[in-house]
Amino acid sequence: MSFSRAEIDALYRQYGPSVLRRARAILGNEAAAKDALQEVFIRAIRAGDGFRGEASPMTWLYRVTTNLCLNQLRDHARRAELLAENAPPPGEGAVVPGHDERLTVARVLARLPEELREIAVYYFVDQMNQDEIAEIVGVSRHTVGNRLEEFRALARAATGEGVVGSVAP
Amino acid sequence: VTLERTRPESCLSDLVLDRLVAGELREEGELAAHLSSCAACRDRRDQLAAERTRFPDEVFVAGLAANAARTGRRWWAFGGSAAAVAVAGAAALLLTLRGPVEPGVRTKGTGLTLELIARRADGRIEALPATGGRASPGEALRFKIRSARAAHVAVVGLDAAGVATAYAPSSGAAPSVAAATDTLLDGSVVLDETLGPERVVAVACERALSVDELVAAGKRALATAGNAPARVTAVEIAGCAQTSVLYEKVSRK
């Protein structure tokens, strides 16, 4: 059964703030976050009964928002690579970011292997524990633990580069 | 360093607190016990709750309407360069109507044009044709306006269910646009499941009319037309130019 206008309105008010906040946190860009907000709700509307029947619509929206935003970051990174490949050499108009440029969550995520990104979002952005992450990602708690270990290794390797953050013991 | 936990794993996650604030969970049992003993989680819960009270001002929703980004670049961000080409190519499809007009009849020389630009289910961005345009639930529309004179502009949708909805702006006073300049209005609408014809009316006024005024005029026009958008010829807004586009909302295949 499709959504009525009133239902869409209610859903947006009930869940929109969370979706927008998370999209902002992951993407680090207001305009992109609002795009993501709209896209997530378009998907929810299209899902119809599938979404309505979710035991926790919030959990569904978390998952969709995370995947959408990470896909955006990946696509953006690919475009940036293409631009870099075709950019003029420094001194001929290329813009080189300064070393003191603020490292956003998006930039940190972009430097992580893809298989770590989703877990990193849930762990650092959403402050989930490992059991919650295992459930929402659909992997074992053991796998989550291993991924976080990989993250710790990356953090140690990157010490001094200011690239990745810390994992709570 | 930007990726850091602010709360230990023994604390409540944002997901749990979001579900609580959204009404999916009740504050009882272990959850209530933790909150009563953890200031960090209480603060975070209160923060998330406060965030919700600001949301309606930040992202307006009236029925199916949702604010999108403020510029074409933002709105088309997912579409990339192909979308930009589609938008540029759509200029040839500008539709000019003057109210009162007969359904489906174009008029010229009003100095006001309205173009509906659809984001399709498959991500394509395209302008609806001047007549016989179609869109489906879940797709999104934006509104491109050009006024010969500097004016305050607003857009209202009149649908087959007899409902008038402010599309742009979503609330408050109509924004101003420069003379003879294509302007992609703030806001977009995600189409709901109400099928059938929908008339989208744009008005351009010297004064900053309110959206409420436009919606009220739209409701009167629909009532006069027996709630049939195709039979609406104009909305009664004194002293304003207006134009409209009639399209058909059809079910998804």
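How are helix 6 of chain A and helix 7 of chain A oriented to each other? In this predicted model, the axes of helix 6 (residues 114-125) of chain A and helix 7 (residues 130-137) of chain A come within 10 Å and cross at roughly 135°. The two helices are therefore oblique to each other. Angles under 35 degrees count as roughly parallel, over 145 as roughly antiparallel, 65 to 115 as roughly perpendicular and the rest as oblique. Axes are lines fitted to C-alpha atoms, for helices over the stretch in contact, and angles run from 0 to 180 degrees between N-to-C directions.

Residues are numbered from 1 along each chain as its sequence is written, chains are lettered from A and ligands numbered from 1 in the order in which they are written. Local features need pLDDT of at least 70, side-chain atom pairs count only at pLDDT 80 or more, totals for chains, interfaces and linings use all residues, and side-chain values use heavy atoms, with hydrogens and water left out.

Chain A contains eight helices and zero strands. Its pattern along the sequence is α-α-α-α-α-α-α-α. Helices (H or I, at least four residues) and strands (E, at least two) are DSSP runs, numbered from the N terminus. Of the 169 residues of chain A, 49% are buried. Buried means under 20% relative accessible area, exposed over 50%, partly exposed in between (1.4 Å probe, protein chains only). Among contacts in chain A with a separation of 6 or more, 61% join residues 24 or more positions apart. Contact means heavy atoms within 4.5 Å.

Helix 6 of chain A passes helix 7 of chain A in a right-handed crossing. A crossing is left-handed if the near helix is turned anticlockwise from the far one by less than a right angle, and right-handed if clockwise. Helix 6 of chain A contributes Glu118(A), Ile119(A), Tyr122(A) and Tyr123(A) to the contact, and helix 7 of chain A contributes Gln130(A), Ile133(A), Ile136(A) and Val137(A). By class, the residues of this contact of helix 6 with helix 7 of chain A are six nonpolar, one polar and one charged. Ala, Val, Leu, Ile, Met, Phe, Trp, Tyr, Cys and Pro count as nonpolar, Asp, Glu, Lys and Arg as charged, and the others, Gly among them, as polar.

Gln127(A) lies in the loop between helix 6 and helix 7 of chain A. Its phi is positive, about 60°, although Gln127(A) is not a glycine. With 4% relative accessibility, Gln127(A) counts as buried.

Helix 7 of chain A also packs with helix 8 (residues 141-157) of chain A, at an angle of about 110° and with the axes 8 Å apart. That makes helix 7 roughly perpendicular to helix 8 of chain A. The crossing of helix 7 with helix 8 of chain A is right-handed. Gln130(A), Asp131(A), Ile133(A) and Ala134(A) of helix 7 meet Arg141(A), Val144(A), Gly145(A) and Leu148(A) of helix 8 of chain A. The residues of this contact of helix 7 with helix 8 of chain A divide into four nonpolar, two polar and two charged.

Helix 6 of chain A packs with helix 8 of chain A at about 95°, the axes being 10 Å apart. These two helices are therefore roughly perpendicular to each other. On helix 6 of chain A, the contact uses Glu115(A), Leu116(A), Ile119(A), Tyr123(A) and Phe124(A). On helix 8 of chain A, Val144(A), Arg147(A), Leu148(A), Glu150(A), Phe151(A) and Leu154(A) take part. The contact of helix 6 with helix 8 of chain A has eight nonpolar, no polar and three charged residues.

Elsewhere in chain A, Arg52(A) lies in helix 3 (residues 49-52). Arg52(A) is partly exposed, at 30% relative accessibility.

One disulfide is found over all chains. A disulfide is a pair of cysteine sulfur atoms within 2.5 Å. Cys205(B) and Cys240(B) form it, with their sulfur atoms 2.0 Å apart. Cys205(B) is in strand 11 (residues 196-205) of chain B, and Cys240(B) is in the loop between helix 6 (211-224) and strand 12 (241-249) of chain B, 35 residues apart. Both Cys205(B) and Cys240(B) are buried.

Asn227(B) is found in the loop between helix 6 and strand 12 of chain B. Phi of Asn227(B) is near 60°, a positive value in a residue other than glycine. The peptide bond from Ala168(B) to Pro169(B) is cis, with omega near -5°.
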